[in-house]
Amino acid sequence: YSQTEQTPREDSEKNLVEFAYDVVERGGTLFIPAFSVERAQEIACVLKTCNFKYKIAMDGMALKANEIMLNNPSFLRDPKEFKKIITEIEWVQGWRRRKQLVKEPGIIISPAGMLVGGTAIFYLQEIAKNPNNGIALVSYQGKGTPGRLLLEKGLVSYNGKTRKSLADVNHFEFSGHSSRTELFEIIKKMKGNTKVLTVHGDDMSCIKFADEIKEKYGFDAIAPDNGQIIDVN
C-alpha cells in the first residue's frame, strides 16, 4: 500500500452492496471469501448495517472466531450491535447445508480469504460454474495464491484442471492497512537518526518505499531480505 491509495471505505461498502444485489436479484449466489478473524465479521456487519434484505450465511473457521468474540465482549467496540448482527445471519453446519446453499440466492461468507484452503475451496468450485453467480474478493490476494489467479486471470483450478470462472468476479478494498498518504504522514513525524525497515509487502513495493524514504527524508531505509539480520544501533 506504500505505492497506492486505497478506495475510500464508504465507496467500497457501497459498491459491494450494489454487486450483492445485482447477483442475488438475478437468482445467483454471491460467494465472499474472507479472513476468519475480523474480515468475515466486518463484511457481515457492513451488509446488515446497509439493510441487505436477502439471506447471509457464514461458514468455516470464521464461526469459531464468532464464538470467541461473543464470549469476550469487553474487547469489542459495540458488543450489543455485534451480537445482534452476527446472530441474525446463518451459521452453516455440515456438508448437506453447504450443498444446498450454493443453489440458493443469497450470500455466503467463508474463509480462506485468499482461497488457499478451508470451506472456501468447495464454494469457489461450485459458485464458479454458474454465470448467474458472483465472487467478491474483499482481501489482499497474495502472489501465487488461487485468489490472485482468479483476480488477475479469472481462472479456477479444481479436479486437476484449470477452468474459466463463469461467475462474475469483483474486487473490493477493505484493508485495515494505511495507504500511501498515511504511511508518509507517519514518516514525516519521525525525528533524529531514524532507521526504517520496510516489510510486510511485495518485494518491489518494499524496495521502492525504502528508496523514496531515503530520497525524501534522508533516513536510513532498508527493505530487508528474508532472514537478513539488521543492526539497529
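In this predicted model, arginine 163 is placed over the face of tyrosine 158, at 4.7 Å from the ring centre.

**Aromatic pairs**

A pair of aromatic rings is described by the distance of the centres and the angle of the planes. The structure holds 10 aromatic pairs, and two of them are set out in the table below.

| Ring pair | Centre distance | Plane angle | Class |
|---|---|---|---|
| Phenylalanine 19 and phenylalanine 172 | 5.8 Å | 40 degrees | tilted |
| Tyrosine 217 and phenylalanine 219 | 6.2 Å | 20 degrees | stacked |

Tyrosine 217 is partly exposed, with a relative accessible area of 28%, whereas phenylalanine 219 counts as buried at 11% relative accessibility. Elsewhere, ring pairs join Phe31, Trp95, Phe122 and Tyr123 into a cluster.

**The sheet and a packed helix**

Strands of a sheet pair through backbone hydrogen bonds, either parallel or antiparallel. Here, an open sheet of 6 strands runs in the order β3-β2-β4-β1-β5-β8, with parallel pairing. Its edge strands, β3 (90–91) and β8, each pair on one side only. Within the sheet, strand β2 (residues 56–58) and strand β4 (residues 106–110) pair in the parallel sense over 3 bridges, and isoleucine 56 stands opposite isoleucine 107 in β4. Helix α7 (residues 146–153) packs on the sheet, where helix α7 touches β5 (134–137) and β8, and the direction of helix α7 makes about 115 degrees with that of β5.

**Surroundings of isoleucine 127**

Isoleucine 127 lies in helix α6 (residues 120–127) and, at 0% relative accessibility, counts as buried. When its neighbours within four places in sequence are left aside, the residues in contact with isoleucine 127 are Thr29, Phe31, Val102, Asn133, Gly134, Ile135 and Ala167. One of these contacts, valine 102, is 25 residues away from isoleucine 127 in sequence and 6.4 Å away in space, C-alpha to C-alpha. Phe31, another residue in contact with isoleucine 127, also belongs to the aromatic cluster with Trp95, Phe122 and Tyr123.

Definitions and conventions. Residues numbered from 1 in each chain as written. Predicted model: local features only at pLDDT ≥ 70, side-chain atom pairs only at ≥ 80, totals over all residues. Heavy atoms only, no water. Phe/Tyr/Trp six-rings, centres within 6.5 Å; stacked < 30°, edge-to-face > 60°. Buried < 20%, exposed > 50% of the residue type's maximum accessible area, 1.4 Å probe, protein only. Lys NZ or Arg CZ within 6 Å of the ring centre and 35° of its normal. Pairing = 2+ DSSP bridges. Helix = DSSP H or I, 4+ residues; strand = E, 2+ residues; numbered from the N terminus. Contact = heavy atoms within 4.5 Å. Axes fitted to C-alpha atoms, helices over the stretch in contact; angles between N-to-C directions.
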